[in-house]
Amino acid sequence: TYQISIVSLPRDSYIPNPAYGTDAYDKLTHLGLSGIQNTLDGLNSYMGLGDTLNHYVIVNFTTFRTIIDALGGVDVDNPFAFDSDQFGPHYDFPEGTIHLDSEYALAYARERYHLPNGDFDRNLHQQLLMKAIIEKLTSASVVVHLESLLKSLDGQFLTDLSGDSIYAFAKMQLSENIS
């Protein structure tokens, strides 16, 4: 369908944990303690998706900053102004389109205490950042350099997708002019 769906589930969602049986509920974040496949299985089962979720990319904070730096930052349409001082220096995030470097992007993705709807707004911000990253990755200016970008990120994230698969997807996106 040439579509990517970005879905956020709060990390403390209480869902069945396949590792402990069909009636054993646990926090979503705990499913990963029994492996990545357990997380995929639990989410697929909980949302009635069969085996739709069958690939993954896992990043940590360092990798997140590295990706943002490699892209030269990202632009996000911030729905409301807020500030953050929980994760280091004081950051101001005005309403409207803002350019985020790696440090600002990480603070933007992590903040929840200064947001009107707490974790729900943090999930929204994470979705906005993922959308901005995907838009930048699939832009003509970046796709033509994607192979070197992927090489610079080699070993920085965990995925079951090969670099060739990621590159082929991006190349198809560009060659078929898919938005």
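User: Is the crossing of α3 and α4 left-handed or right-handed?

Analyst: A crossing is left-handed if the near helix is turned anticlockwise from the far one by less than a right angle, and right-handed if clockwise. Helices are DSSP runs of H or I, at least four residues, and strands are runs of E, at least two, numbered from the N terminus. Here α3 and α4 cross right-handed. This is a predicted model: local features need pLDDT of at least 70, side-chain atom pairs count only at pLDDT 80 or more, and totals for chains, interfaces and linings use all residues. Residues are numbered from 1 along each chain as its sequence is written, and side-chain values use heavy atoms, without hydrogens and water.

User: At what angle do α3 and α4 pack?

Analyst: Axes are lines fitted to C-alpha atoms, for helices over the stretch in contact, and angles run from 0 to 180 degrees between N-to-C directions. Helix α3 (residues 61-70) packs on helix α4 (residues 102-110) at about 130°, with the axes 8 Å apart.

User: Which residues of α3 and α4 meet?

Analyst: Contact means heavy atoms within 4.5 Å. From α3 come Phe-61, Phe-64, Arg-65, Ile-68 and Asp-69; α4 brings Ser-102, Glu-103, Ala-105, Leu-106, Ala-109 and Arg-110.

User: Which residues of α4 are buried?

Analyst: Buried means under 20% relative accessible area, exposed over 50%, partly exposed in between (1.4 Å probe, protein chains only). In α4, Ser-102, Ala-105, Leu-106, Ala-107, Tyr-108 and Ala-109 are buried. Their cover includes α3, β4 (74-78) and α5 (118-137).

User: Where is Asn-44 found?

Analyst: Asn-44 is in helix α2 (residues 36-46). Asn-44 is buried, at 3% relative accessible area.
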